[in-house]
Amino acid sequence: MIISVITPVHGQTGNTTVALTLVHALALTQMKEVCLTHIDYGSQSIISSLGVEPSEDITRSLSHVAKMLTNNALKADEIPDYAIKIFKGLDIYSTHKVDLEEYEILSFFDNLIRNMTAYHHTIIDVDSEKTSNSTVKALEVSDAIIIPITQNTIVIQEAIRLKRMIREKLEDIKGKKKSNAVAIYFVVNHYRPEIMSSAKIAKKLGVPRKSVLTLEYNQWFMRSSNNGRLTDIFSSCLNNDARVLKLKFDMKRMCKTLLGKEFIWEVDNKKVKQDDLEDEGVI
Amino acid sequence: MNFILLSLSGLIIFGVSWSTFIKSKRTESENFTNNVLTLAKLTDMVKEDIAELVKMDTFIGNSELDYEAALNRKAKINTMLRESVDGKDSAKDIVLDLIYGIVTKHCRTESMANGIIAFNSPRLDVGIKFEILMYHYKKYLVQENAQKPLEQQIRDPGKDAIKIWVKKYDLNREKHIIEDGVLGSYCITADEVH
């Protein structure tokens with residue numbers, strides 16, 4: 001399954017946070033191989049949230065992978081060797097080197113997505129311009145689309161416009177019938193029920209209530225993201241840490257809504273760290 | 001900047017191949033003792049870096065997973081180097097990109113690249129000019145191909161760049177240049193490249 005996460009207002013709704021929450025939820029509880037990639041390779045937000053040092057390893061640069069894919073020198077099962085390994089089951093595709101022209105990125109992206117058969121789920125953090133060719137390419141290959149929003153009225157209005165734009169683009173590319181098969185969900189980031197309930201947000205958006213997911217505001221979550229320890233906070237919540245327990249329910253609902261019948265809930269204890277985060281100063 | 005570095009990479013690729021494997025244990029380099037970077041020095045640096053890349057005992061990573069992936073990547077590079085020596089075009093393309101990555105690491109600014117080969121000089125060697133011309137022309141053909149509908153697109157549009165270029169500018173006409181213009185011949189002159 002390919003899922004694109006696209007924001008209505010660039011830099012304000014926590015696109016990367018939502019994408020990271022989703023990949024962790026899928027990798028840690030659904031026993032799936034998951035990968036996360038993004039379009040704006042100049043952006044360091046993914047690797048900084050996970051505390052990964054930007055590597056200058058030229059054997060792993062995406063331009064090198066692009067060349068190999070174009071020249072058919074890389075088999076689909078070899079692609080994971082070029083990813084940044086966060087833990088077993090979660091790979092990130094990013095790069096320190098952005099020497100690719102737009103048409104090269106497009107061709108690479110197309111190649112990469114078509115060859116991502118080593119993964120059950122591929123999440124694309126669409127951090128490029130809404131109307132760019134790369135964004136359209138991401139929408140074209142997606143089975144589901146997530147629009148992160150906040151409870152801000154302007155953001156909600158922009159999200160309505162974005163949804164309409166996505167539907168139009170998909171109809172142009174795939175035709176009406178196929179485009180309707182692509183589900184669009186909204187994730188309310190930094191959700192606080194006292195500001196506006198999710199039911200009211202769904203009403204404003206003009207979508208069924210089940211299409212609106214939430215990611216409740218949590219100070220520990222924000223703090224660990226800033227410290228580059230986001231993976232640890234997910235482990236912590238799956239270990240039933242009371243301070244981030246609501247995050248667990250949000251993750252569960254996210255997986256259940258997206259996967260439907262495929263949904264299971266089995267926390268992988270081998271992947272989930274048992275460390276006491278308090279001792280390490282994260283919480 | 002990109003085409004300058006790519007031209008540099010192109011010149012270096014011929015110097016880097018089989019010898020890289022054999023000399024993979026070189027440890028000391030005198031290239032860094034002198035601040036002036038020459039083409040010969042840059043070639044040596046590229047050779048050293050590639051040797052370092054394929055060495056099995058150099059690895060920086062966090063986990064066993066990373067280690068296994070790094071080993072596989074190294075094995076892939078070894079295969080590509082071997083195949084590029086055997087003349088496989090796709091392998092050459094990949095090795096060229098690898099060399100490009102190393103050249104950009106050592107040659108971070110345009111002035112550094114110009115210090116090695118005077119790309120900004122009006123008396124730039126016609127051979128290098130031709131390489132730059134072909135690089136851009138191939139790129140143009142690839143872009144043009146990408147804009148066509150999928151069913152009309154051809155595989156590797158840059159491959160026949162020289163053929164298309166010669167035909168487009170009618171460069172394959174008979175010329176009376178050699179043997180005091182008595183005998184007709186087919187050639188591309190430096191003036192035509194300029």
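Which residue's side-chain oxygen reaches to the backbone nitrogen of Gly127(B) at the start of H7(B)? In this predicted model, the residue is Asp125(B), with the oxygen within 3.0 Å of that nitrogen.

Helix H7 of chain B runs over residues 126-147 and has 22 residues. From its first C-alpha to its last it reaches 32 Å, close to the 32 Å expected at 1.5 Å a residue. The buried residues of H7(B) include Ile128(B), Ile132(B), Met134(B) and Leu141(B). Tyr135(B), Tyr137(B), Lys139(B) and Asn145(B) of this helix are also buried.

The contact between the two chains draws 24 residues from chain A and 24 residues from chain B. Together the chains bury about 2,200 Å², with 57% of this area on carbon and sulfur atoms. On the chain A side, Ile58(A), Asp81(A) and Tyr103(A) supply 27% of the area buried against chain B, more than any other three residues.

| Between chain A and chain B | Count |
|---|---|
| Salt bridges | 3 salt bridges |
| Polar contacts (both residues at pLDDT 80 or more) | 7 residue pairs |

One salt bridge joins the side chains of Arg60(A) and Asp66(B), at 3.9 Å from N to O. Two elements of chain A give two or more residues to the side that touches chain B: helix H3 (62-70) and strand S3 (84-87). H3(A) gives the most, with 5 residues. By residue class, this side of chain A divides into 11 charged, 7 nonpolar and 6 polar residues.

Key:
Residues are numbered from 1 along each chain as its sequence is written. Chains are lettered from A and ligands numbered from 1 in the order in which they are written. This is a predicted model: local features need pLDDT of at least 70, side-chain atom pairs count only at pLDDT 80 or more; totals for chains, interfaces and linings use all residues. Side-chain values use heavy atoms; hydrogens and water are left out. Contact means heavy atoms within 4.5 Å. Buried area is the accessible area (1.4 Å probe) that two parts lose on being put together, summed over both. A salt bridge is a side-chain nitrogen of Lys or Arg within 4 Å of a carboxyl oxygen of Asp or Glu. A polar contact is a pair of N or O atoms within 3.5 Å; within protein, one must be able to donate a hydrogen and the other to accept it, and residues adjacent in sequence count only if both atoms are side-chain atoms. Helices (H or I, at least four residues) and strands (E, at least two) are DSSP runs, numbered from the N terminus. Ala, Val, Leu, Ile, Met, Phe, Trp, Tyr, Cys and Pro count as nonpolar, Asp, Glu, Lys and Arg as charged, and the others, Gly among them, as polar. The expected span of a helix is 1.5 Å times one less than its number of residues. Buried means under 20% relative accessible area, exposed over 50%, partly exposed in between (1.4 Å probe, protein chains only).
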